[in-house]
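Subject: Structure handover

Hello,

Please find below the structure for your files. My notes follow it.

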Amino acid sequence: MARVIAVTNQKGGVGKTTTCVNLAASLSATKRRVLLVDMDPQGNATMGSGVDKNALALSGYDVLTKRQSTADVIVFAEASGYDILPANGDLTAAEVELMNEIGREHRLRLQLNSVRDRYDYILVDCPPSLNLLTVNALSAADSVLIPMQCEYYALEGLAALMNTVEQIQETVNPELALEGILRTMYDPRNSLTLDVSAQLNEYFGDKVYKAVIPRNVRLAEAPSYGVPALKYDRASKGAIAYLALAGEMVRRNGQQRQAQPVAV
Ligand code: ADP
Ligand code: MG
């Protein structure tokens with residue numbers, strides 16, 4: 001049964017989409033079955049995976065509005081090596097249509113149920129705001145992965161985000177856990193980065209991934225070729241960092257599973 005992970009941060013430009021695409025590629029390189037769900041109407045994860053958002057016959061819109069079964073909308077992103085539930089601007093229309101529906105917060109969860117046993121990991125790329133699409137992602141998720149830049153206001157933003165997670169736990173998804181905090185565009189030569197990093201470790205302990213993602217131009221260039229960095233320059237620092245993240249994530253989840261009591 002897939003672990004569903006929402007990659008979220010209400011701030012834009014922190015590396016959510018870059019993390020989704022490159023982590024999906026890295027997990028599938030380690031032989032995990034991966035589905036990437038694009039829940040951002042900007043469709044950046046779709047384009048970055050090599051699927052043209054302007055040429056979609058079916059998309060996340062059809063899934064959220066129950067016009068199509070999820071399996072019929074998922075496509076294999078051949079250049080990237082994983083499955084994707086693609087999206088474009090039509091998601092905004094789906095959000096509007098959902099507004100008047102009963103159970104509107106749970107539509108994505110409901111629609112992913114039919115495909116959950118086909119994957120090991122389902123990653124959900126969220127838009128940079130707390131709208132109904134994000135709430136759907138958080139309702140469907142087992143956990144949240146938070147990419148963040150170690151800059152001055154980052155901790156304030158993180159406090160707001162943890163507050164949101166708590167609200168979601170109290171309302172639509174009591175089981176929602178914190179998967180981990182990922183430091184992106186990391187520059188160890190910057191003393192502020194190191195300060196913020198130290199505070200993160202103090203508050204969140206081992207929830208902070210040891211793997212850090214450096215600022216790396218290959219990660220920024222790869223989307224224009226519609227592939228993850230691993231397929232564009234596999235020796236790049238960016239590609240290697242995301243492979244390390246995937247390894248850490250898989251190890252952690254393995255340990256958690258082992259640590260669970262065995263039912264008798
Ligand atoms: P978000 O989805 O949170 O808005 P993106 O993943 O789209 O953020 O990243 C914002 C911009 O920063 C993009 O242009 C992306 O290519 C670039 N970027 C993201 N991570 C890195 C990185 N580690 N090094 C260099 N550029 C990056
Ligand atoms: Mg994005």
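How far apart should the ends of helix H1 (residues 16-29) be, at 1.5 Å a residue? The 14 residues of H1 should span 20 Å, and the end C-alpha atoms are 20 Å apart, which agrees. The expected span is 1.5 Å times one less than the number of residues in the helix. Helices (H or I, at least four residues) and strands (E, at least two) are DSSP runs, numbered from the N terminus.

Before the rest, some conventions. This is a predicted model, in which local features need pLDDT of at least 70 and side-chain atom pairs count only at pLDDT 80 or more, while totals for chains, interfaces and linings use all residues. Residues are numbered from 1 along each chain as its sequence is written, and chains are lettered from A and ligands numbered from 1 in the order in which they are written.

H1 is mostly covered, with 13 of its 14 residues buried. A residue is buried if 20 or more other C-beta atoms lie within 10 Å of its own, exposed if 12 or fewer, and partly exposed in between, with C-beta atoms placed from the backbone.

Ligand 1 is surrounded by 18 residues, of which Gly15, Lys16, Thr17, Thr18 and Ala220 are the closest. A residue is near a molecule if its C-beta atom, placed from the backbone, lies within 6 Å of it. At least two residues of this shell come from each of H1 and helix H10 (217-221). H1 gives the most, three residues.

After H1 comes lysine 31, in the loop between H1 and strand S2 (34-38). The phi of lysine 31 is near 70°, a positive value in a residue other than glycine. Lysine 31 counts as exposed because it has 9 C-beta neighbours inside 10 Å.

In soluble globular proteins, nonpolar side chains tend to be buried together.

Leaving aside neighbours within four places in sequence, alanine 137 is in contact (C-beta atoms, placed from the backbone, within 7 Å) with Ala6, Thr8, Met39, Leu108, Val124 and Cys126. Ala137 is one of the buried residues of H7. Helix H7 (residues 132-140) has eight of its nine residues buried. Among the elements covering them are strand S1 (3-7), helix H5 (90-98) and strand S5 (121-125).

Two loop residues

Asparagine 173 sits in the loop between helix H8 (154-170) and strand S7 (177-184). It counts as buried because it has 20 C-beta neighbours inside 10 Å. Leaving aside neighbours within four places in sequence, asparagine 173 is in contact with Leu138, Ser139 and Ile168.

Methionine 185 lies in the loop between S7 and helix H9 (191-204). Its phi is positive, about 50°, although it is not a glycine. With 21 C-beta neighbours inside 10 Å, methionine 185 counts as buried.

Regards

Key. Contact = placed C-beta atoms within 7 Å.
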